[in-house]
Amino acid sequence: MRHAAGWPWWLSVALIFLASRVVTTTLLLAYASVQPANPWTSASPSYLEFARMWDGHWYYIIAMVGYPSELPITDSGHVGESAWAFMPAYPAVVRVLMLTGAPFGVAAVTVSILGALGAAFAVHWLLRLVLSERDCLFAVALFCVAPLSAILQVAYAESMHLALLLLALGLLLRRQYAVLVPVVVVMSLTRPSGLAFALAMAMHIAYRFVIRRRDAFPVAERWGALAVAAASGLAGFSWPAIAWAVTGSLTAYTDTELAWRAPYIGYQHLVPFTPWIQGANWWLGVPIGALALAVAVLLFALAFFTPGVRRLGPDLMFWTASYALYLLAVFFPQSSTFRLLIPFAPLVGALAQPRSMVYRVAMITAFIAGQWGWIHIAWFVDGRDWTPP
């Protein structure tokens, strides 16, 4: 497929990606130049130092020494923060690149940028099945300049995970189940997503079975889809199982994850679908928090009935719904929650459909302004910062 100007689609995507990285890198460098000394860097750090702050330091620890065999215990007797909260695929790839002699910062940023480029190609490859070429390219542009796109070129696993997720969704729409299995397994060990994808696969299987009279669902494809669902579900449980096997604690992974929300609501057991209610009440108070959460969930559900989202097709809607349910079940809302919304990236296809030039310029401008806001609030460290990315 070629762009209207005669260029191949991949060249158009690459140029959009390059232009977006110039914008985002400029913003990151501007903030690095005024960054005060902090727990990770000295004042005015280099780009590579600035890019490995926050959770990047956990990935550095994992790449250098792996995971602890004993869980850290706080003075109050609870499980504390540790590397077990971070999945192994991204630091493993970084470690392989470090074997060439590259320092962690170089290796981590390289893997992230390559993952981001792969994700940009995958956005086009995925959405070309449901949108026109013109709309696909604008969707790529929105993806590349999205408010959190800075996370795609720092020492975080998001870009690698996005590339794998978008590849997996593209394979799902093409019903290439055999190839999908290894992609889903690696994806599930990059960022928590295996259980959500397994639920999306269950919806996909049920839908294909219901419409089998007008869209054949051969036995071989049924078994293939079931294999993907099973592999995704097992992969989703594999990391907690590995943490259990190494540390001897059945709840090692969930206890470690819960340590990050303890400063907000104290140490508690994980009860599905309660963290968002707890968070809403913590941020906004009772009963406003719960009411605001209910309104947000209702508006999100109503979005599925809009023409732009429906045009994306059932499988992308299944993924969106499944991942939303997963987030509601297990995550606690705080500043890092914005990063957890990144797997909703296929929805840029819905935002890309209006053809008005005024709309499109306004969207690009708003997204770039959102980058500035996110870097300022979440990435830039100002004193004792309690808004982690």
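Student: What should I know before looking at the model?

Tutor: The model is predicted, so local features need pLDDT of at least 70 and side-chain atom pairs count only at pLDDT 80 or more, while totals for chains, interfaces and linings use all residues. Residues are numbered from 1 along each chain as its sequence is written, and side-chain values use heavy atoms, with hydrogens and water left out.

Student: How many disulfides are there?

Tutor: The structure holds zero disulfides, a disulfide being a pair of cysteine sulfur atoms within 2.5 Å. For cysteine 136, the nearest cysteine sulfur is that of cysteine 144, 13 Å away.

Student: Is cysteine 136 buried or exposed?

Tutor: Cysteine 136 is buried, with a relative accessible area of 1%, and cysteine 144 also counts as buried, at 1% relative accessibility. Here buried means under 20% relative accessible area, exposed means over 50%, and partly exposed lies in between, using a 1.4 Å probe and protein chains only.

Student: Switching to rings, how many aromatic pairs does the rule give?

Tutor: The count comes to 26 aromatic pairs; rings of Phe, Tyr and Trp (its six-membered ring) pair if their centres lie within 6.5 Å, and planes under 30 degrees apart count as stacked, over 60 as edge-to-face and the rest as tilted. One of them joins phenylalanine 300 and phenylalanine 344, with centres 5.5 Å apart and planes at 55°, so the pair is tilted.

Student: Where in the chain do phenylalanine 300 and phenylalanine 344 sit?

Tutor: Phenylalanine 300 is in helix H14 (residues 288-303) and phenylalanine 344 is in the loop between H17 and helix H18 (348-351), so this pair links distant parts of the chain, 44 residues apart; helices are DSSP runs of H or I with at least four residues, numbered from the N terminus. Phenylalanine 300 is partly exposed, with a relative accessible area of 30%, whereas phenylalanine 344 counts as buried at 12%.

Student: Which residues do ring pairs link into a cluster?

Tutor: The cluster contains Phe197, Phe300, Phe304, Trp319, Tyr323, Tyr326, Phe331 and Phe344.

Student: And what about a charge over a ring, say at tryptophan 125?

Tutor: Arginine 174 lies over the face of tryptophan 125, at 3.7 Å from the ring centre; the rule asks for NZ of Lys or CZ of Arg within 6 Å of the ring centre and within 35 degrees of the ring normal. Likewise, the charged end of arginine 212 sits over the ring of phenylalanine 209, 4.0 Å from its centre.

Terms used:
Helices (H or I, at least four residues) and strands (E, at least two) are DSSP runs, numbered from the N terminus.
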